[in-house]
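Q: I'd like to learn how to read a model like this one, feature by feature. Could we start with the place where a helix begins?

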Amino acid sequence: MSVNRFRGEVALKLDGVAHVMRLNLAALAGLEADLGADSLVALVERFEGGRFKAADVIALLLAGLEGGGAPMTREALMAASIEGGPLGAARAAAELLRVTFSTEAA
């Protein structure tokens, strides 16, 4: 599976199957509401500063999966085997934010 970084896409392997994640505006709006973030900048700063919780990572992955066209329930994601375990999940979430808000060529 290939992802298009210029579109803000990141791959996430769940139970051995690759899924495309992407944070479109609808996904971002839902994410802000789910995490109680005051703004997108505050949300990014929370992750950049290492002040995120496991629930934040799950919410970010769910938003990315929905934006990428592979919606999933929280229960299904939490039951799935994520490639790289918790650290892999956190890295995928951080990469998703990075490619979404990067102003540099990917």
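Q: Which backbone nitrogen does a side-chain oxygen of Ser39 reach at the start of H2?
A: Look for a polar contact, meaning a pair of N or O atoms within 3.5 Å; within protein, one must be able to donate a hydrogen and the other to accept it, and residues adjacent in sequence count only if both atoms are side-chain atoms. Here, a side-chain oxygen of Ser39 comes to within 3.4 Å of the backbone nitrogen of Val41, at the start of H2. Bear in mind that this is a predicted model, where local features need pLDDT of at least 70, side-chain atom pairs count only at pLDDT 80 or more, and totals for chains, interfaces and linings use all residues. Residues are numbered from 1 along each chain as its sequence is written, and side-chain values use heavy atoms, with hydrogens and water left out.

Q: What follows H2?
A: Helices (H or I, at least four residues) and strands (E, at least two) are DSSP runs, numbered from the N terminus. After H2 comes Gly50, with a positive phi near 70°.

Q: Which residues of H2 are buried, and which are exposed?
A: Buried means under 20% relative accessible area, exposed over 50%, and partly exposed in between (1.4 Å probe, protein chains only). In H2, residues 40-48, the buried ones are Leu43, Val44, Arg46 and Phe47. They sit on the same side of H2 because they cover an arc of only 155° around the axis, taken from the directions from the helix axis to the C-beta atoms. Val41 and Glu48, on the other side of H2, are exposed.

Q: What covers the buried residues of H2?
A: Contact means heavy atoms within 4.5 Å. The cover includes helix H1 (25-35), helix H3 (54-67) and helix H5 (85-101).

Q: Is Asp56 buried or exposed?
A: Asp56, found in helix H3, has a relative accessible area of 3%, so Asp56 is buried. Leaving aside residues up to four places away in sequence, Asp56 touches Leu35, Arg46, Phe47 and Arg51. The Asp56 side chain also reaches the backbone nitrogen of Lys53 at 2.8 Å.

Q: How many residues are in the largest nonpolar core?
A: In soluble globular proteins, nonpolar side chains tend to be buried together. A nonpolar core is a set of buried Ala, Val, Leu, Ile, Met, Phe, Trp, Tyr and Cys residues joined through side-chain atoms within 4.5 Å. The largest one here has 32 residues, and those with the most contacts inside it are Leu12, Met21, Leu23, Leu60, Leu61 and Leu77. Strand E1 (9-14), H1, H2, H3 and H5 are the elements giving two or more residues to this core. H3 brings the largest share, eight residues.

Q: Where is His19 found, and what does His19 touch?
A: His19 lies in strand E2, residues 17-22. With 19% relative accessibility, His19 counts as buried. Not counting residues up to four places away in sequence, the contacts of His19 include Met1, Val10, Leu65 and Ala70.
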